[in-house]
Amino acid sequence: GGSPLYVLGTALANGLEVGASVAVLRRVGFRTSMNRVSDVLILLGLAAGVAAFLASLLSVSALALVGGVPDGAFVRLWMMWWLTHGMGMLVVVPVVLTSLHGRREAFRRPFEFLAVLVCIGVAAWVPFVSDPASPISRLFFLPFPFLLWTAIRMGMSGAALGTLVVTGAAMTAAVLDWGPLVGGTPNQTLVLTWFYSNVVVIATLISAAIVVGWREARDAHRLEERRLRAVLDATDQGIVVTDADGSVTHVNRAVATIW
C-alpha cells in the first residue's frame, strides 16, 4: 500500500546496497573465505558500514519525498535503517560465505560442533529468559567461551554459525522485549542489540581469522620444509644443516652413505 515512489526508492536502495558492497569488496581484495582479520574488518567497514549507510540514506530519502517521515525523525529513521541492514550483513553474510567458500572445519567434526552449538544456544538464552531483576540476566557474556572454542577448533565456518545463534537469540529477545538489552524505547533497544551483536561477531570472527591464519602459516612452513628436505636428499653431496648454536637440524641421505 506504499507510494510507488517510495517502493521504487527502496527497491533501488536495496539493489544499490548489494551491488555497491560486491563492487567495493572485489576492488579491495576481499576473500570470500574470510580467513584473514582484514576480511572481517573490510566487511564491517565497507559493506555493513559504507554500503548500508548509503542505501539507507536513499531509502529514507524516498520515504521523505512522499511525506512518510515525521518532522525531526529523518536522522533517527536513517540510523535505524542503517543499523538493521548493517547488522544483517554482519550476522548472515559470514555464514553464507564461509559455508560456500571456507574450509568447513565445523562439518568435519559434526558431533562436537553440534554439542558446542547446543551449549552456545543455552548460554545465549540464559540472560534473556531470566528475571530482569536477577543477577543472571547480566551474564550475557556466557556464550563467549564456547564461541572461542568454535573459533579455535572449527575455524571461520564454525565461528560464523556460532555467532548466528547468539545474535539470533539477542534479536529475538529484543523483539519480545526480554532481557538486559531492552531500553526505554525501541530505538535504544535496537542500538544496544546492535552493539552486542557487533561485539559478538567481530570478536569471534577475528579470533577465528587469527587461528586460521596461524594454521595456514604453519602448513606453509611445513610444506617448505618438506621441499627443502627433498632437495637436500636428492643430491649426492653430503650436507649437514645446523642452527645458529651449532646443533644439527638435518642430515641428508648422502651423509649417511658417506659415513
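I counted rings of Phe, Tyr and Trp (its six-membered ring) as a pair if their centres lie within 6.5 Å, with planes under 30 degrees apart called stacked, over 60 edge-to-face and the rest tilted. The model is predicted, so local features need pLDDT of at least 70 and side-chain atom pairs count only at pLDDT 80 or more, while totals for chains, interfaces and linings use all residues. Residues are numbered from 1 along each chain as its sequence is written, and side-chain values use heavy atoms, without hydrogens and water.

Aromatic rings: my search of the whole structure found seven aromatic pairs. I noted that Phe128 and Tyr196 form an edge-to-face pair, because their ring centres are 6.2 Å apart and their planes stand at 80°. This pair links distant parts of the chain, 68 residues apart, with Phe128 in helix H5 (residues 110–129) and Tyr196 in helix H7 (residues 186–234); helices are DSSP runs of H or I with at least four residues, numbered from the N terminus. Phe128 is buried at 2% relative accessible area, and Tyr196 is buried at 8%, where buried means under 20% with a 1.4 Å probe and protein chains only. I also found one aromatic cluster formed by Phe53, Phe74, Trp78 and Trp82.

Helix H1: I looked up which residues of H1 are buried, and they are Gly9, Thr10, Ala13, Glu17, Ser21 and Leu25. The buried residues of H1 pack against helix H2 (37–65) and helix H3 (74–101), contact being heavy atoms within 4.5 Å. Just after H1, Gly29 takes a positive phi of about 80°.

Technical notes: Helices (H or I, at least four residues) and strands (E, at least two) are DSSP runs, numbered from the N terminus. Buried means under 20% relative accessible area, exposed over 50%, partly exposed in between (1.4 Å probe, protein chains only).
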